[in-house]
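Good morning, colleagues. Please look at the sequence and the structure as I bring them up, and I shall then go from the whole chain to some of its parts.

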Amino acid sequence: MRIPLSWLREFAQVPAGATAEDVMAELVKVGFEEEAVHRPTDGLKGPVVVGQVLSLVKEPQTNGKTINWCQVRVVPEGQEQTLTGKGIDPSGVQGIICGAHNFVEGDKVVVTLPGAVLPGDFHISARKTYGHLSAGMIASVRELGIGEDHDGILVLSRIGLDPEIGTDAMELLGLYDQAAEINVTPDRGYAFSIRGVAREYAHATGTAFTDPASKVAAPASLAGGYGVKINDDAPIYGKPGCDRFVARTVRGVDATRPTPPWMTSRLRLAGIRSISLPVDISNYVMLELGQPLHFYDQDKLSGDIVVRRAVAGEKLTTLDGKERALDPEDLLITDASGPIGVAGVMGGASTEVSDATSTVLIEAAHFEEVSIARSRRRHKLPSEASKRFERGVDWQVANVAAQRAVDLLVDLAGGTADEAGTDVGTAPDAVTIDLPAEFPAARIGLDFTEEQIVTCLEDLGAAVEKNDASWAVSAPSWRNDLETKEDLSEEIARLVGYDKIPATLPVAPPGRGFTRVQQQRRRLVQALADAGLTEVLAYPFVSKAANDTFGVAEAGAPRSAVKLANPISEEHGYLRTSVLPGLIEVAKRNHSRGFRDLALFEAGLVFLPGDTLGTESIPPLGAKPSDEVLDALYDGVPDQPLHIAAVLTGHDSPAAAGHTPRAWDWADALDIARQAGDILGVEIVVSQGHHQVFHPGRAAQLSLRSGEVVGYAGELHPKLLAAHDMPARSVALEIDADALFEAAADVIVARHISTFPVATQDVALVVPQEIPADDVLAALREGAGELLEDVALFDVYAGKGIEEGKKSLAFGLRFRAADRTLTADEASAARENAVAMAASRFGAVQR
């Protein structure tokens with residue numbers, strides 16, 4: 001919100017010498033943020049004065065152009081020039097070359113004299129051009145930085161001005177004014193107005209505030225005006241989309257009259273472009289009082305105005321010239337011809353006020369926040385009106401704003417106001433909040449006196465009534481954000497001063513800390529980082545194709561995903577069911593920038609919807625839902641397990657003299673998976689796996705001892721790598737970390753270190769080619785019994801000496817007893833038992 005200081009001074013006691021920085025410093029005290037300063041004099045410096053064209057001689061040039069050699073008086077006749085400087089004629093008449101042709105002799109114009117500086121650091125000086133010494137420039141609005149019109153000179157009579165020659169044009173056009181820009185949080189919509197900011201400035205400085213609404217003599221009641229009906233048969237959350245509609249009529253308006261400079265100056269500083277007098281008046285009232293208005297050409301209306309919801313299939317051409325398909329949830333302004341505006345967002349082109357308009361119908365309505373916000377987002381139509389309506393507008397100020405617009409149209413556009421008017425709707429119930437006397441101190445941590453509490457609340461505009469041990473507080477109509485005792489306590493703290501609140505570090509309760517899962521997650525992430533992997537964060541939004549590919553092991557298998565209602569792009573319209581798509585995109589982006597050797601990982605949530613997704617309705621605001629409603633809400637939330645994924649590309653280390661780096665391979669992906677299990681004390685069983693994103697022969701399935709599949713690891717599919725322009729033989733893994741956390745023991749007990757020696761024996765078994773080595777290893781472990789400490793595969797051979805269709809698997813077995821040294825016969829017997837189990841289960845033959 002930009003606040004011109006001259007405007008603010010009308011309603012708040014801002015010191016005459018205060019700058020925009022000074023105003024922002026005060027507003028920061030009451031919770032606003034500084035944004036910027038807007039000061040025309042930062043880019044425009046005088047002397048810039050009013051001049052009158054005495055003579056104008058047209059001189060054609062050889063280049064085809066015609067220039068005007070002008071004599072311009074810049075000092076009243078009979079007076080001496082008091083300005084000095086190179087190029088300023090003491091006679092008060094300047095010779096100036098001008099290429100524009102929209103002015104004549106006798107016109108009063110704005111003259112920038114030698115020594116002036118225009119926006120863009122354009123210095124004015126006397127210089128010889130077209131055979132003359134031109135000492136100054138006759139300026140356009142664009143050259144002065146007050147508009148975009150560069151087609152011709154600013155002729156002052158055309159904007160309703162007839163100043164004395166030599167008048168300071170910067171003061172005349174309001175260019176010495178300045179504006180402070182602040183950031184307004186969404187809950188404080190009242191501050192999107194001079195009225196709201198002036199009140200806050202008074203809070204910050206402890207000075208008096210004059211409500212601009214109190215300066216408008218609005219009628220107590222209206223009747224007999226233009227017909228208006230409110231017919232909302234499909235309110236959102238049971239709240240009608242419109243609960244007040246004020247309409248006033250002004251006839252005999254001259255819409256072609258110029259907007260006075262004081263108004264255009266303030267609008268410009270407030271960030272609003274001057275368009276025409278009626279439009280400027282509606283914007284001016286909106287900025288002053290916070291109530292958006294809309295003006296209709298009443299002669300273009302047909303029949304009564306009806307506020308209703310859209311009908312499926314209806315369309316409307318809005319003021320920006322675009323035809324929009326309307327949604328049944330849109331709140332519309334309509335007449336007998338159909339829609340003439342999207343309520344609170346933008347009007348329709350068919351009833352637009354133009355230069356030919358003579359009768360203006362003023363709309364000052366109060367619309368419900370959610371309806372406006374949804375229409376604005378649905379149609380991608382941000383406007384100054386919708387910005388205010390969706391944050392909340394004062395219900396009580398509608399008739400005041402309409403009267404203010406009537407007064408300005410009468411004064412500036414020569415109109416005549418109808419005494420009759422329209423005011424329909426139902427006032428909302430007053431919000432009364434019970435504030436216990438001790439609550440603000442308990443909430444904020446600062447002892448407030450009773451006087452401080454009452455004074456702060458009354459300064460807000462609230463009505464305060466003392467009860468036995470509390471106050472009954474009626475929130476003012478412009479503060480729709482005040483609904484609870486917590487809201488009131490925060491307002492008291494804000495007005496007393498945040499700097500008064502002591503800073504005290506809380507004492508952590510003993511015996512508490514991270515939960516078991518939090519500890520496990522931190523150990524796991526830290527271990528992967530310590531192993532040399534780099535943690536990254538990718539977007540959780542992916543395409544449907546990415547979910548279909550990464551979300552299920554088999555191509556074409558059924559897969560459900562959460563579709564976003566308002567995605568950032570059509571290519572990213574779903575929530576991810578796998579972490580790998582985003583991780584691969586990160587790797588791809590790094591490759592495109594020359595980083596080829598990568599070891600990336602991410603710990604992130606995936607979103608797996610169940611049979612129920614969402615609920616049919618959202619509980620109303622202002623009351624805690626019942627347990628049944630909360631259970632239904634939770635049931636509709638997708639399952640969101642934590643997954644750990646990694647992508648490894650290139651080599652494990654940089655090349656160096658005497659060192660050849662090793663390329664990452666599938667075994668590294670398995671090692672990372674096993675390391676994740678070791679950190680948590682969970683044994684991960686590795687077996688031959690099949691997943692559509694992994695190489696058919698170089699993929700491993702990761703399972704728990706219970707048989708639950710928790711992930712996959714291995715080399716990515718060559719077609720996938722080629723499609724993503726990734727290096728060949730890149731490897732990856734993904735594990736369901738939540739499944740590991742659940743399987744992990746609460747306390748990991750270290751294994752006892754035996755003092756007895758180990759007995760090692762090897763065995764080579766010939767088995768059919770299709771039997772996984774891990775299955776044979778499991779049979780050996782089971783058959784060897786409790787004396788077996790460890791078993792590992794160390795060789796696989798198929799070829800000469802081995803029957804076709806079979807392979808030789810060589811295992812190393814370690815035996816140890818906890819209470820004695822094993823004999824060779826005991827170790828051999830255990831080995832024979834292991835071989836017997838493999839033979840009975842797989843037909844294994846000892847080689």
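The accessible surface of the protein chain amounts to about 41300 Å², and carbon and sulfur atoms contribute 51% of that surface. Accessible areas here come from the Shrake-Rupley method with a 1.4 Å probe, and for residues only the protein chains shown count as cover. Please note that this is a predicted model, in which local features need pLDDT of at least 70 and side-chain atom pairs count only at pLDDT 80 or more, while totals for chains, interfaces and linings use all residues. Residues are numbered from 1 along each chain as its sequence is written, and side-chain values use heavy atoms, with hydrogens and water left out.

Of the 847 residues in the protein chain, 48% are buried, that is, under 20% relative accessible area, where exposed means over 50% and partly exposed lies in between (1.4 Å probe, protein chains only).

The protein chain contains 22 helices and 39 strands; these are DSSP runs numbered from the N terminus, with helices being H or I of at least four residues and strands being E of at least two. The chain is more spread out than a compact globule, because its radius of gyration is 40 Å, well over the 29 Å that the globule rule gives for 847 residues. That radius is taken over C-alpha atoms, and the rule is 2.2 Å times the number of residues to the power 0.38. Along its principal axes, the C-alpha trace spans about 130 × 85 × 60 Å.

Let me turn to one strand. Strand 14, residues 242-251, is mostly covered, with nine of its ten residues buried. Strand 14 runs antiparallel to strand 22 (residues 360-367), and eight bridges join the two; two strands pair if DSSP finds at least two bridges between them. Phe245 has Ala365 of strand 22 as its bridge partner. Strand 14 is also joined by seven bridges to strand 23 (residues 416-425), again antiparallel, and there Val246 stands opposite Asp423.

Finally, I would draw attention to a loop position. Where is Gly461 found? Gly461 sits in the loop between helix 12 (450-460) and strand 25 (463-466). Gly461 is partly exposed, at a relative accessible area of 33%. Apart from neighbours within four places in sequence, Gly461 is in contact (heavy atoms within 4.5 Å) with Pro476 and Trp478.
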